[in-house]
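Please walk through this model with me, one feature at a time. Keep the coordinates open as you read.

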Amino acid sequence: MSTHNQGTELDLSWISKIQVNHPAVLRRAGQIQARRPVKKEWQAAWLLKAVTFIDLTTLSGDDTSCNVQRLCYKAKYPIREDLLKALNMHDKGITTAAVCVYPARVCDAVKALKAVGCDIPVASVATGFPAGQTHLKTRLEEIRLAVEDGATEIDVVISRTLVLTGQWEGSDFIKTSTGKETVNATFPVAIVMLRAIRDFFWKTGNKVGFKPAGGIRSAKDSLAWLSLVKEELGDEWLKPELFRIGASTLLSDIERQIYHHVTGRYAAYHDLPMS
Amino acid sequence: MAATRAGPRAREIFTTLEYGPAPESHACALAWLDTQDRLLGHYVNGKWSKPEHRNSVPCQDPITGENLASCLQGQAQDVAAAVEAARTAFESWSKLPGAVRAQHLTRLAKVIQKHQRLLWTLESLVTGRAVREVRDGDVQLAQQLLHYHAVQAHTQEQALAGWEPMGVIGLILPSTFSFLEMMWRICPALAVGCTVVALVPPASPTPLLLAQLAGELGPFPGIINVISGPASLGPVLASQPGVQKVAFCGALEGGLRLLVQESVWEETMRRLQARMARLRSGRGLDGAVDMGARGAAARDLAQRYVREAQSQGAQVFQAGDVPLDSPFYPPTLVSDLPPASPCAQAEVPWPVVVASPFRTAKEALALANGTPRGSSASVWSERLGQALELGYGLRVGTVWINSHGLRDPAVPIGGCKESGSSWHGGPDGLYEYLRPSGTPARLSYLSKNLNYDTFGLAVPSTLPAGPETGPTPAPPYGLFVGGRFQAPGARSSRPIQDAFGNLHGYVAEGGAKDIRGAVEAAHQATSGWAGQSPGARTALLWALAAALERRESTLASRLERQGVELKAAKAEVELSVRRLRTWGAQAEAEGQTLQVAALRGPVLRLREPLGVLAIVCPDERPLLAFVSLLAPALAHGNTVVMVPSGACPLLALEVCQDMATLFPAGLVNVVTGDRDHLTRCLALHQDVQALWYFGSAQGSQFVEWASAGNLKPVWVSRGLPRAWEQEAEGAGPELGLRAARTKALWLPMGD
């Protein structure tokens with residue numbers, strides 16, 4: 001995280017003034033996906049860029065140190081070395097932006113990353129993820145423990161009880177959802193969030209980051225997300241400090257597309273290493 | 001592992017994250033042009049026609065200038081052959097059951113679906129428009145139009161009973177147009193049973209491709225015929241025997257005017273500029289561009305306008321990712337243009353937006369309505385009440401609330417003022433190609449002897465012809481203007497004779513100044529009358545009906561003087577009274593809500609008054625025709641200026657006596673005098689919103705010619721008599737259609 005959002009005096013009129021033209025948002029969302037196709041070398045380069053935005057995530061009840069370790073290894077080597085060489089990108093140090101795990105797995109992740117010599121941050125979901133319906137005291141304690149274990153980024157679940165009653169909180173990064181909801185990252189919702197980020201930047205000069213999470217599985221989706229951010233916020237937001245994609249299976253599809261770009265063939269399941 | 005084939009650039013792009021080209025292959029468009037050996041002719045009666053000894057024009061890629069094909073320049077006999085084919089096709093096509101036509105249109109939609117790639121690449125290639133706009137917009141809508149109109153054809157026998165297809169429709173396309181504009185006109189024409197001859201400017205192959213697709217469908221080859229030729233062939237097409245109507249296409253959408261409230265001006269400009277900076281221009285066939293190019297001529301036009309605006313003191317903002325070379329022109333925002341500068345009055349060219357601030361919504365409405373154009377507008381406001389107020393107040397054909405540019409086959413598009421008076425799509429679009437069953441076909445006769453400069457210019461002088469001998473008391477002398485009888489400006493009178501050659505009475509000799517006064521009076525009454533509830537309008541028309549009933553004996557005896565038998569005279573008065581009652585009952589708003597696929601929310605089809613409607617009544621049926629024309633005009637909220645029967649204006653003046661006591665001043669104005677002269681004054685008046693003329697063929701021709709000045713909708717009889725006593729011709733739905741204009745109001749919803 002580059003600079004923290006130092007916060008501003010809470011001015012609820014900023015929020016109460018906001019109006020969303022729902023049909024127009026839907027239209028814009030449709031346009032972004034149709035109007036900015038990215039092909040050939042551009043597609044390969046954009047996909048590699050997308051890799052560097054991924055918070056490679058495992059958030060399962062049955063996570064153990066073994067699969068967290070495998071995840072961390074994949075975070076360090078997200079794309080097969082020979083494919084990167086073919087693209088002359090092997091010396092760019094391409095890794096995912098972070099790994100993202102439950103608080104109890106932070107230790108495993110820190111250890112595994114250290115073992116492979118990778119200095120990417122460990123992010124942890126905390127604060128009663130995914131519902132956030134635990135006591136404030138335990139939520140704060142959860143954050144403290146995760147940080148003690150070596151997590152440097154915390155995805156905090158905001159209390160939706162407060163939001164729905166109009167009591168807002170501020171943050172450095174905003175995320176579409178936990179990824180555990182029935183509907184997660186959608187373009188219309190993202191447009192509204194990105195416009196809010198832009199307005200806040202125009203008003204205060206503070207850049208708030210953006211993280212869509214949940215349901216982003218295909219390489220094509222990730223390209224649309226990149227152009228969405230590029231169109232709405234501009235290139236200055238297209239860096240890991242301000243943009244992340246929370247995903248677990250996206251990376252393997254990107255790797256398949258890169259494979260196809262380099263070889264002209266579609267990869268078999270066993271051609272690419274699993275994470 | 002297979003050999004690698006990656007390019008060297010990925011490294012660079014990884015850092016810049018720029019967009020790359022996403023070219024759409026136009027191989028299929030070129031292959032299609034090859035099937036014609038790169039020489040395009042006309043498509044007539046299901047066959048290509050390439051007559052010899054014709055000049056040819058190159059069809060070029062507007063961006064690269066590459067020669068794609070040669071196109072023939074048609075001549076008069078080519079047009080004649082096409083019209084002949086369309087006439088022959090009309091014989092069978094119009095007699096088919098609607099359901100069969102519906103099937104054929106559905107098949108055409110399917111053919112378009114099957115060959116859509118060819119259609120969109122060809123259109124984008126030759127017009128330079130962004131391919132995604134053609135692919136996702138035009139081609140899809142073209143199919144929807146065919147499907148919608150297939151449904152209309154299917155239900156035609158029930159829904160449009162009492163109407164019949166006009167015949168052969170001529171369609172004249174401007175030099176820049178989208179094939180979709182053509183579809184908006186062709187689909188309803190074909191649906192109701194008409195056949196079409198389209199005159200397209202050379203070097204526009206898409207209409208030819210469409211005609212070929214339709215022609216190859218089989219049994220009805222001659223229903224769409226396309227002639228490629230210069231605009232000078234337009235009059236040839238219009239004067240072909242059998243051509244019942246000529247429709248013009250608008251050119252592609254031009255630039256825009258943007259009115260922004262002062263309080264949000266800075267914020268809006270900032271957001272607009274930020275968004276403009278992200279627009280990408282480029283070759284139309286690139287799938288990742290927002291804007292293509294429309295050729296060097298369009299570029300020069302925009303450039304000239306912007307330079308002039310700058311010299312007149314305007315601020316100019318240009319942005320976006322635009323290739324520097326010709327023929328691209330960046331999206332341009334012009335602001336601070338002084339309202340009185342010439343550029344502020346001129347039409348804004350594409351791709352320019354002219355923004356100006358306003359203080360209140362009322363001022364915005366005045367600014368928006370203060371132009372001669374009136375096709376469409378969008379209103380953006382979070383206050384729904386205010387947005388609706390503006391939406392109702394705007395004098396345009398289409399209003400979008402918090403949205404822009406939405407289209408649906410079920411929603412009529414059209415315009416008012418100089419943006420034209422015809423309608424496409426929806427229920428209104430169908431009537432453009434229908435006429436009431438049994439009414440005579442249009443004769444394409446244009447008199448060469450009519451002198452537009454002198455028609456009705458001079459008023460023949462009239463002299464005293466003896467004392468009046470009509471029923472007593474004689475109606476008050478004068479012109480009925482502004483609610484009272486006034487002396488005419490010319491201070492002279494004309495004698496009116498009865499059927500037996502005796503003097504029936506004197507009426508005032510109205511002139512240009514009286515017309516001006518009458519139109520002014522009518523304008524003053526418009527907002528009051530249009531604002532009346534339908535119930536109030538009904539009450540007033542019924543009150544007039546009751547008053548005429550009381551006046552029955554006077555009216556009947558005046559009719560008798562005109563040679564009508566007493567029984568028939570009484571029946572005519574009775575029928576006139578009934579007409580007022582019938583239209584009064586129909587004054588209830590007749591708008592409706594349309595359902596469309598493209599958005600959630602209703603589209604309102606409003607029927608709004610035209611404004612000041614001028615009516616020149618026929619000589620025959622001096623009472624019945626007068627009332628039959630007056631009643632629908634008033635029921636639909638118009639104010640009127642009427643020229644009563646020239647043969648016997650006295651009956652109309654009798655009615656005026658009752659209107660003087662019942663009606664608000666200026667609602668109805670009646671000017672007597674020389675018909676040709678008064679017609680001339682009305683047709684040349686720019687602030688008359690519509691003109692109905694029932695009289696000679698020459699007068700009709702003059703009215704059509706003169707009204708082109710402000711494109712006011714006209715309805716002329718071309719010297720043909722009308723059966724006023726019959727329901728269809730005297731009180732049919734045609735009158736109601738002509739008496740109001742449609743507005744489509746889009747109301748998208750969403751939380």
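Predicted model: local features only at pLDDT ≥ 70, side-chain atom pairs only at ≥ 80, totals over all residues.

B:Pro351 is found in the loop between helix H13 (342-345) and strand E14 (352-358) of chain B; helices (H or I, at least four residues) and strands (E, at least two) are DSSP runs, numbered from the N terminus. A:Pro130 sits in the loop between strand E3 (122-126) and helix H7 (136-148) of chain A.

Residues are numbered from 1 along each chain as its sequence is written, chains are lettered from A and ligands numbered from 1 in the order in which they are written, and side-chain values use heavy atoms, with hydrogens and water left out.

Now for backbone phi. A:Asn88 has a positive phi of about 60 degrees although it is not a glycine. You will find A:Asn88 in the loop between helix H5 (81-86) and strand E2 (98-101) of chain A. With 37% relative accessibility, A:Asn88 counts as partly exposed; here buried means under 20% relative accessible area, exposed over 50%, and partly exposed in between (1.4 Å probe, protein chains only). In chain B, B:Arg718 also is not a glycine, yet has a positive phi of about 55 degrees. B:Arg718 belongs to the loop between strand E28 (714-716) and H25 of chain B, and at 27% relative accessibility B:Arg718 is partly exposed.

The side chains of B:Arg579 and B:Glu727 form one, at 3.5 Å from N to O. This pair links distant parts of the chain, with B:Arg579 in helix H20 of chain B and B:Glu727 in helix H25 (residues 727-731) of chain B, 148 residues apart. B:Arg579 is buried, at 2% relative accessibility.

Because B:Arg621 lies in the loop between strand E24 (612-616) and helix H21 (624-635) of chain B and B:Glu572 in helix H20 (residues 566-585) of chain B, the pair ties together parts that are 49 residues apart in sequence. B:Arg621 is partly exposed at 30%, whereas B:Glu572 is buried at 5% relative accessibility.

The axes of helix H19 (residues 552-561) of chain B and H20(B) come within 9 Å and cross at roughly 130 degrees; axes are lines fitted to C-alpha atoms, for helices over the stretch in contact, and angles run from 0 to 180 degrees between N-to-C directions. The two helices are therefore oblique to each other (angles under 35 degrees count as roughly parallel, over 145 as roughly antiparallel, 65 to 115 as roughly perpendicular and the rest as oblique). Contacts, meaning heavy atoms within 4.5 Å, join H19(B) residues including B:Leu555 and B:Leu559 to H20(B) residues including B:Glu572 and B:Val573.

Compare this with helix H23 (residues 675-683) and helix H24 (residues 697-707) of chain B, which pack at an angle of about 20 degrees with their axes 9 Å apart. H23(B) and H24(B) are therefore roughly parallel to each other. In H23(B), B:Thr679, B:Arg680 and B:Ala683 meet B:Phe702, B:Val703, B:Ala706 and B:Ser707 in H24(B).

B:Glu181 and B:Arg185 meet in one at 3.2 Å, N to O. Because they are four residues apart in helix H8 (residues 179-192) of chain B, about one helical turn separates them. Over all chains, the count comes to 57 salt bridges. In chain A, salt bridges that share partners join A:Asp55, A:Glu153, A:Asp155, A:Lys175, A:Lys211 and A:Arg244 into one network.

Definitions and conventions: Salt bridge = Lys/Arg side-chain N within 4 Å of Asp/Glu carboxyl O.
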